[in-house]
Amino acid sequence: MKSYNVLVTAGGSVTALNVLRALSNDERFNLYSTDITNDSGSLVYVKKQFKVPFAFDKDYLDELLKICKRNKIDFLFPCNDRELKPISINKDKFKKIGCEALISDPETIDICLDKLATDKSFIEAKVNTPKLVKSNCVEKFPLMLRKRFSGLKKKAVFKVEDYKDLEFYTHKIKDEIILNEFVDGTEWTVDVICSPNGKVLEIVPRQRISVIDGNSQIGQINIDNKTVEEVKRIVEYFNIKDICCVQFKKFNNKNYYFEVNARVGSGLDLTVNAGVNMPLMAIENRIGNPHKPFSKKIKNKLKMVRYLNCHIIN
């Protein structure tokens, strides 16, 4: 049986742990991880973890390439927004050393990391998105305030109730911001897997019943055809490759889309346990076992509750 070496970045993140858990029971895969520390949660699953600089460090990419070459890595899963652009731009460098980076093209990454470009693309894809509000033309509240660009520092999303809030958050956040009308309703994430050439293979909507620090703590699969069709239109317009997640709010039976993450989502565990192992599919699409579109039997209404756990490391 042929084995494959798989490297997952940002080993201490929820997204990386999702990928590692999804692949950990398959004997074909030797799992490795990177992180900015020597002690991350990925140690539970990997043969070895490598310490790397921050993604914005000038030595980051060279160090990652060295790790991949030295350990004969076959597949690379980027799991942190800051890493997406440098890895995507240099996919050919990884390919030259026999490593395939499972990530969308740089043009797609640019759109996903720029909330203004994302909003524009939602409109062009003909789906609902919260109305953009210019900071000098605010007439009513509440508003949703976000950093315009992801992948720079920690994400920031705030509900702005009045002019006092607006002034406070505008001064607190040093980066460029974007304002949208605030949409009430339930929050959702949709996990998506596409083929290496961008063909949509599976779409799995899940409601984020409880969210803490941007991560889904309680979630439930809820398949509906309208959402599947809209998200299919979105990822095709964005030209997504491999795995992404699309976020929206549902209000009065309408979906208002506000984000596309060109990487694994924090609640992917639920989708994997519902019958759609997207990390496994991404690899199998490349090793002679391509998956047919919308062929998986999904456990609809499956529910997930996340809780903290600890592992003792000798």
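This is a predicted model: local features need pLDDT of at least 70, side-chain atom pairs count only at pLDDT 80 or more; totals for chains, interfaces and linings use all residues.

Let's start with contacts, meaning heavy atoms within 4.5 Å. Among those in the protein chain between residues at least 6 apart in sequence, 66% join residues at least 24 apart. Residues are numbered from 1 along each chain as its sequence is written, and side-chain values use heavy atoms, with hydrogens and water left out.

Overall, we've got ten helices and 15 strands; those are DSSP runs, H or I of at least four residues for helices and E of at least two for strands, numbered from the N terminus. The C-alpha trace spans about 65 × 45 × 40 Å along its principal axes. Of the 314 residues, 52% count as buried. Buried here is under 20% relative accessible area, exposed is over 50%, and partly exposed is in between, with a 1.4 Å probe and protein chains only.

Now helix α8, residues 225-238. Its 14 residues reach 20 Å from first C-alpha to last, close to the 20 Å expected at 1.5 Å a residue; the expected span is 1.5 Å times one less than the number of residues. Which residues of α8 are buried? They are Thr227, Val228, Glu230, Val231, Ile234, Val235 and Phe238. Down the axis of α8, these fall within an arc of 165°, so they line one face of the helix; the arc is that of the directions from the helix axis to the C-beta atoms. What covers them includes α5, α6, β10, β11, β13 and β14. After α8 comes asparagine 239, with a positive phi near 60°.

On to the rings. There are eleven aromatic pairs. Rings of Phe, Tyr and Trp (its six-membered ring) pair if their centres lie within 6.5 Å; planes under 30 degrees apart are stacked, over 60 edge-to-face, and the rest tilted. Tyrosine 4 and phenylalanine 75 make a tilted one, 6.0 Å centre to centre with 45° between the planes. That pair links distant parts of the chain, 71 residues apart, with tyrosine 4 in β1 and phenylalanine 75 in β4. Both tyrosine 4 and phenylalanine 75 are buried. Phenylalanine 75 has a relative accessible area of 5%, and the residues it touches include Val6, Leu7, Leu102 and Ile283.

Phenylalanine 141 and tyrosine 163 have ring centres 4.8 Å apart and planes at 85°, so that pair is edge-to-face. Phenylalanine 141 is in the loop between β6 and β7, while tyrosine 163 is in helix α7. How accessible are they? Phenylalanine 141 is partly exposed at 23%, and tyrosine 163 is exposed at 51%.

Back to Phe238: ring pairs link Phe122, Trp188, Phe238, Phe248 and Tyr257 into a cluster. The charged end of lysine 250 sits over the ring of tryptophan 188, 5.5 Å from its centre. That label needs NZ of Lys or CZ of Arg within 6 Å of the ring centre and within 35 degrees of the ring normal. Lysine 159 likewise has its charged end over the ring of phenylalanine 182, 4.5 Å from the centre.

Notes
Lists of a residue's contacts leave out its neighbours within four places in sequence.
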